[in-house]
Structures are given as structure tokens and as C-alpha cells.
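Good morning, colleagues. Please look at the sequence and the structure as they come up.

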Amino acid sequence: MNNITIRTYGIIFLVAVVVVGVLLVSGTLVTRGLADRSAISWEEYQDNNSERALALDTLVSALGYGGIIHQFKNYILRHDPAQANEVRAAARNVLDATRNYRSQGVNEGEEAALQAIELVTNAYVSQLAVARELATDGATAEEIDAVVRVSDGPAFEALETLASEISSAATQQATALSVNMKTVSRLSTFLLVFTVLSVLVAMVMGYLLMFRVILNPIRLITDTMRRLADGDTDVKVEEAKGRCEIDNMKRAVKVFQDNFLELQGTKEQVQEESKRYVELAERTYKLKEDAEKSAARFELLADHAAYAIGILSKSDNLILYANDHLEKHFGKKVGDTHVLFEREFDDELDYTVLARMAFEEEGQVLNEEICIEMGSIGRFWGLLTVLPIEYDGKDCYYVSVNDITSHKEYEASLLEMQTDLEIKATEESVLAELLSLGMADTSRDDFLQSTLDMLVGTIPWLRVTPKGAIFLTETEDNVDRLKLTAIKEFPSELLSTCAEVPLGHCLCGRAAQGQEIMHSSCMDERHENRFDGMEPHGLYNVPMIVQGRTIGVIVFYLPHGHERSESEVAFLKRVANVVAMGVERREADQELRKAKIDAEDASTAKSAFLASMSHEIRTPMNGVLGMAELMLMSDLPKEIRQDIEIIQESGNGLLEILNDILDLSKVEAGKVVLEEIDVDVLSVIRSASSLVRDQFEYAGLWFDEKFDEDLVAPRIKTDPTRLRQVLTNLLSNAKKFTHEGGIEVSLSQQLLDNGQVETRIAVTDTGIGMTEDQVSRVFQAFQQADQSTTRQYGGTGLGLSLCKQLTELMGGDIGVSSTLGEGSTFWFSVVCDVVEESAPATVPMLPEASEEPGPVASGLPNLLVAEDNLVNQKIIKKILGAIGYPFDIVANGQEALEALPKGAYDLILMDVNMPVLDGIDATRLIRKLPAPNGQIPIIALTANAMKGDREKYLAAGMNDYVAKPISPAKLYEIISKYYATSAPESNDGEPSQGQPQTKVAR
């Protein structure tokens, strides 16, 4: 039959089948390719991440305990020369570890972290050279530790950065793979649903093609022809709307009906119409044969389908059709009952009854994934589809079972892979957080407890049985034992028996002794510590090993029957390394804190020693300089005066060295407190220059000042005393090394973005200059350009080192540029706030030593002197006698108290360190006396010049103090602050001996 409609439907059906097949194949290939790429990407990531994590572990070991930081501290504390080789080897290990890590490929953050670690390592190596040089010079370990400082904070921050990068990469990779897996899962679900829908569409199209397009129209036409043949001329003939053969038949029947009515009375016409009817019947029969052939083709397609297909009768529960797959795999054939299979663990379940209920009660097609158990093929997963159809004129059910076992297994493998990825991501995140805990400033026990809580509460396979413990190795009587340190849900029955575990005993002791992870899936004979009623369980016992020594064991409980996993073992090894590093770091910190306390004690002892030495040196220096100055005040021959001037100059030089040592000691001890007052910077420079200008001119050198015409801030907030001290030191240093030419002082300023001003002062000379090597050492303590410089020019090498530390305290810097034989330029800068124009500037003066002046007498005051040193007594007698002051001298504070009621004294000169009763205690007792003795001004005479001495004297009740060596001019100045007296001048300008001149009291 040349039916256009049927052919068109057939072509559409075939095209749809081809398109569906192509889409299924393409989707399957895309899904499998995406899964394969995800698996390959994860394998590559695991390989790379394992190498990167191993490189990080190596770097942590090379840097932490046993690494360069620990070895360097060992060298400092033990002062062992052989330990220096260990430091260099550790440095090479760190640099090798950074190169190994960098070889894995790094980003900008990791590169910056590696460079920070290399900088810290290089700093340790460079400081090692400094430490060795100090050790060679005879410095103690405490002195070396006070000088050699390296901040290892950037290195540990860099380790946290690297760990964060690895954790971030793991999280990103896991997220990407999880997205891919979800995409694969969605594609698989889509393909499955698409397949089911395609089958349904194919069946619906087949139904439409077979029943509605062919069989039903032919049956209607046949019925109409039968009724017309029976004489029913009123039968209604369906109207033809198309041009196909069936529509033509409808038109023919209509024509036959019309003609039959018109030619009913004519025999010939009846015969003619009968003939046409026969022809139409033949054509109808031909159409029926074609329809049967179409049904046969459907059965042929069903017979060759890759899944089981059957048609079940709804009325008599028999199988009306079964394809080869149904007969071969389910053993069912036409005529059997419709029970096809059994569901796992259930009795026989009639799925057609389930289908009937679905259609009759809910009106939906049944699609269900079921696990099927068949004796011939075993267990498999199938997609059951049931829908009602009409077959061979009967109400039936179309049933198909498609094997989807491979899809279910694939989904299960994807789910397992996703679970593994999530576990790995969790493990990496925990390791990163664990590293942060290791770097945190917490106690050892708190760190171990937090570590245990986090591990058993976060790791999925440890969270199942959240119990555990951490043991640390302790040695007593040369015997190592494991001591229980941290617990988590640990059985109370084991707390006493497991408090201390010998090595080799139980699983934890065996792990510590054998230095390998011990695993048990059940309670076997190795569980020596147990109790009645203990629940069955497994264990991981993980030793923590540092430099071949077991420092502890971590115990994790496992569910009974939990098998050993190499991935879990690898993770636990990394955990043990990080925890061991945290424990060792805290023990090293404890050693460092002890060393710090020892160093502080040594620093305190050094300060006390310096104070004592200052007093002991200043006391005889008082005799030397005091006598020299007194002798210079008398008429002496020229040669003797020159000799005494040499003595005075040498004594002043020695005093200057002593002051530099004290200042340097105070700076290093952090005891220098800077003032911050309004200062006229030009006045400071001119004040410092005035102290040395005459010396330059006397030596035949020119002296020049060069200032910017328009200074940014002539007045600044800084410490004028320290500013003058640095400048004076640079000027004195320039004079020492300049034999001809001159010296220039220059000042420049620059306004900074933050509103502060940088003040830069430079001293340029035309002296001997320096080489580059000499320039590199010039600011180091106890260093000069070379030994010849020391021999020719003298000095201790402390001045420039002190200048450097003072400028850094003031927020500035110091430097030098020099050319050998041409001169040098020393400069320093300070960064200060600008003084507002409306604020009055503070005129920088020499430090005042007095409090409010006491009562003033109208004549020469009667003085009481308390001094135990006979030489100092003699000097004071000469100084006071030169003016003509009346005075009495006693040997200690007790004698001073006894002398007060006997004489009307106007002022007391009180030595501080005296036997029987010292000056401070004597002053306190005097201040408790009634007036007028309790209000007598007291001036301290002391060789103590350390920081805090002046404040201590004033707090005891003294009014002022004069430091030894005593300068007559300074002593006269102090006395004149309380009494308006001065010595008369002779014709030659020298004070006269014993001829006082009284001025009116203030």
C-alpha cells in the first residue's frame, strides 16, 4: 500500500530513533570522558600534592627542632665550635628544602614565603659569623646571645602561608572535582530519564501508527461497508480530510453510499456498485495485511531489543508476548503467568499488581529501580517500566526490564570518589589548622589537648569512635616511659594502668619502641592493658619521632573490624610530624625562656657591676681631676702646668670613655628613655658647635655651617640632649681624623607624607678618609677602621656605635660616605613631629640638676661635709678653702647627724656611699628632724652616675647632686643656686685664695 501518512510516520519514527541513539551515545561518551578526566586530574593532583606536602614536611623539619633554629640556639648556649658545622649543615638543609619545594612550581605567595625562609636562614648564617667572632674574642654565651639576635617569626609565618596554599589548593581541587562529579551524576540521570522517555515516545508513536492511523480507520470503514451491505443506508460515513489511501477509501464508501441510494432500483447499477465494493474490499484486505505486517515488524524490533519486553493480559494474567531477552534471562514465555522475578529478601512480588494499582489509583506510568535476584544470572539492578496498552483487542500491560547494573555501579564509584575527595579535603584542612595550633602561643598540654579534640572530632573515620590519648616520653633513672598527657573520652578504668607505660608494653609501648605505626582491627593479645567489659575496638598507635628519638605516641580508637588503610597511615604520619614539631617548639621555647631569664639576670648583674665600677673609678678620678684643677688654679711654672694639663686631659678622656660605656650599656639594656620636647634645631647645632669650635681654630682648621635658607620646620619635637650628644660625637670624631683643611656642618629637612619631618644633619671633613671595608665596620661596637688607627688616634670604638643606637631610638638612621685620603661625610637623621608655630620653642640647655632653691644666706654659708674617702676630703677642703667657705668634715652619715645640733649649718654636702650610715639613709633621718635642721639643703656628692641615681637621691630628700669627679666650677655653681656668693677675681682673672667676696643674698 502506497500510504503517504504511514510512510511519513515511519520516516519520522526512524529519524527519531536515530536521533535518540546518537544523543544517548554522545551523552554516554561525554559523561565517561568527563569522569575519566576528573579521575586523571585527581591522580595528578594527588601526586603533586603528596610531593608538595613532603617538601613542606622536609622544610618544617629543617627549620624547626633539630633544624637551623635549634642548632643555632645550641651553639649559642653551649658555645661548642663543632656545633657551628651543625648550624651550617642545617642551613644547607633549609636551602635544599626551599629549592625542592620551589621545583614543584610555586605561585607568588609561596615564592614570597620561601624567600622569607631563606632570608631568616641567611640571617642565622650571618649571625653565626658574628657569634664566632665574639666567641673568638672571649665573649660568654650570654654576651653572644645579647648581641646576636635573629627573628624567626617571618619563617614560621611563611610555613603557615605554605600550609595554607596546600590546603587551599586541595580545597579548590576537591571543589572542582565535586562539581565534575555532580555534573556526571546529573548527565547519567538525564541519560536514564531520556532513555525512558524515548522508549515511551516510541511506544506511543507505535500505538498511534498501528491503531489510530491504520487499524481503527480500516475497522470503521469495514463496519460501514458491512452495514451498507446489510442495507443500512442511513449509516454515517466519516468525512475524508486528507489524500491518503484510507481517506480515498472513506470517499469511496461515501460515493458508494450515494450511488447505492441512487442506483438501488437499477440492477446493473447494483452489480456495478457491487463490483466496486469487491474492489474496495480487496483493497481493505490489503490494508489489513499491511497492518499485520507492521505489527510483525514491531514484534521483530521487540525481539531484538537489548532488554526484556513482555505484554501481559489484564484479564487472565497470562503472558501474551515475550521477546527473546525475557525468555532467555527470566525463563518466561507466552502462556506463562505474569510473575517474572523475585525481589531480594522478599517473597514473590507481583509487579503487575503494583502497576495495576498505579494506573487505577494514580493514573501514572510505573518506573522503578529495583534490585533483582535471578537464579540464572544472579543479582542485578533493573529499571522496571509498566504501562497499559491494547493488544490483539485486549486490555494488556506493556512490561520492560532494562539492566542498569553498570549505571548503578558507576554512580556508586562516583559517590565513593566524592567521599574520598571530601575526606582528603578535610584532612588537609585539619593539617593546616593543626600547624596553626603548633605555631600558637599556648602551653604544651593545652596544645596536645586541642590537637586531640580536633582530630577525633573532625576526621570522618576517627569521628566514628571519638576516643584517643596522647603519651609523651619521659626519662627517669635512664629508663624511658610513656606518660599519659592528653585524653579524649578515654576509659576511666585505664587511667591508672595507662598513666605510665613502659616501652615495649601494650600497643603504644610497642609503637614507641619500634618507631612504627601499630594497627589492630580488634582486641588481640597485644592489648595488655584491658579490663572486664571493655568494648571491642581497633587502634592506631602513631609514634612521634624527632631525630631518631620517640618523643611520644598518639592513640586513636577505631570501630571493631576497621582495616588498616595506607592513606590513613600516611595522614597519621603527617599528623605525628606536625604535633612533634609543636611539642619540640614549645620545649625549645621553654629553654629559650630560661636562657632569656639567665641573660636578664646576667644583664642585671652587668648593670650592677657597671654601677659599682662607675663608683669605684669615679672616686679615684675625683682625686686626680680635682687635684689637677686645683693645681691649675695656682701659680705654677709653665712646664709643670703643661704636665698637669696632660694629667687633666687624660683624666677627662678616661671619664669620657667611662660615660660612653655606661651610655652604651643603658641603650643595650633598653633603659634609655627619650624626652620629646619642643626644640629649636638650629640652637642645638650651634650649642654643640660652640663646644668644639675653639678646638678647631686652635688646631688651625676652618669650621663652617651650612643650613637651608627655608627650613621646613625649624622647631621639632625630639630629645635635645641626645641630639646634641650624637652631633658632638661626630664633630669630635671629625676633628680627631682631620689634620688640615676643615669641617662643615650642614642641615636639611624633608616633609614626609604622614606630616612628620625628617631632619638630616651631616658633618663633612677633609681628613684621612676610609676604605669600603672600613666603612662597613665603622658603626660596630669596639671597632675602628683598623689596628693602625687605634694605635695612632686611640679610642675604644664605642662612640659611633652609641650614635647609631641613639639615632635608631629617635626613629632615624645614620650613615657615612668616605674616600680614602679625601675625607668623610657622617650624617644622621631623626624623624619627628613638627611644632606648631604658636607653640614656644624650648631652648636646649645643659641638664639642670637642682630642685627649688632653699633659703639663701646673706654671707658665706657654713657647710657640713660628709665624706669617708681621705683623698676626696682633701680635695673638697682645697676647693672650699679656695673660696673661703667655713666648713666641717665628718666621715659618715651617723657623724653628720651627731654634728648637726652642735653647729649652725646652712648647707650639707653629703657623700652617698659611706660606712656605718650611708648618705641616703642619713638624709631620710635628717628630713625627720624639726626645723631648722630638718630643712637644711642637702647636696649629694656621688660617683654613681647610672640612670635613676638622681631620682633616687631626690626621692630620699636631697635637693641636688654633684657627680664625681667634682668640678670646682660645678660645685660653686650648685652652691650659688642656694646662696648668692662668688669668689673675687684677682688682677689676672683667677679667683683669689681665701679672699671671699660676699654678694647680697637673693
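Predicted model: local features only at pLDDT ≥ 70, side-chain atom pairs only at ≥ 80, totals over all residues.

**Aromatic pairs, charges over rings and a helix packing**

Six aromatic pairs are present in the structure. One of them joins Phe-779 and Phe-826 in an edge-to-face arrangement, with 6.2 Å from centre to centre and 80° between the planes.

Where do Phe-779 and Phe-826 lie in the chain? Phe-779 belongs to the loop between helix 19 (772–777) and helix 20 (787–793), while Phe-826 is part of strand 19 (residues 823–834). The two are 47 residues apart, and their pair links distant parts of the chain. Phe-779 and Phe-826 are both buried.

Elsewhere, Trp-461, Tyr-540 and Phe-571 are linked into a cluster by ring pairs.

Rings also meet charges. The charged end of Arg-586 sits over the ring of Phe-447, at 4.2 Å from the ring centre. For Arg-760, the charged end sits over the ring of Trp-827, and here the distance to the centre is 4.0 Å.

Let me turn to the helices. In general, two packed helices are described by the angle between their axes and the distance between the axes. The axes of helix 3 (residues 81–103) and helix 4 (residues 108–136) come within 10 Å and cross at roughly 165°. Angles over 145 degrees count as roughly antiparallel, and therefore helix 3 is roughly antiparallel to helix 4. The crossing of helix 3 past helix 4 is left-handed. On the side of helix 3, the contact includes Ala-84, Val-87, Ala-91, Val-94 and Leu-95. Helix 4 contributes, among others, Leu-114, Ile-117, Thr-121, Val-125 and Leu-128.

I close with two individual positions. Apart from neighbours within four places in sequence, Thr-451 is in contact with Leu-434, Leu-437 and Val-579.

With a relative accessible area of 42%, Lys-952 is partly exposed. Its C-alpha atom is separated by 8.6 Å from that of Ile-920, which is 32 residues away along the chain.

How values were computed
Residues numbered from 1 in each chain as written. Heavy atoms only, no water. Phe/Tyr/Trp six-rings, centres within 6.5 Å; stacked < 30°, edge-to-face > 60°. Helix = DSSP H or I, 4+ residues; strand = E, 2+ residues; numbered from the N terminus. Buried < 20%, exposed > 50% of the residue type's maximum accessible area, 1.4 Å probe, protein only. Lys NZ or Arg CZ within 6 Å of the ring centre and 35° of its normal. Axes fitted to C-alpha atoms, helices over the stretch in contact; angles between N-to-C directions. Parallel < 35°, antiparallel > 145°, perpendicular 65-115°, else oblique. Left-handed = near helix turned anticlockwise from the far one by under 90°. Contact = heavy atoms within 4.5 Å.
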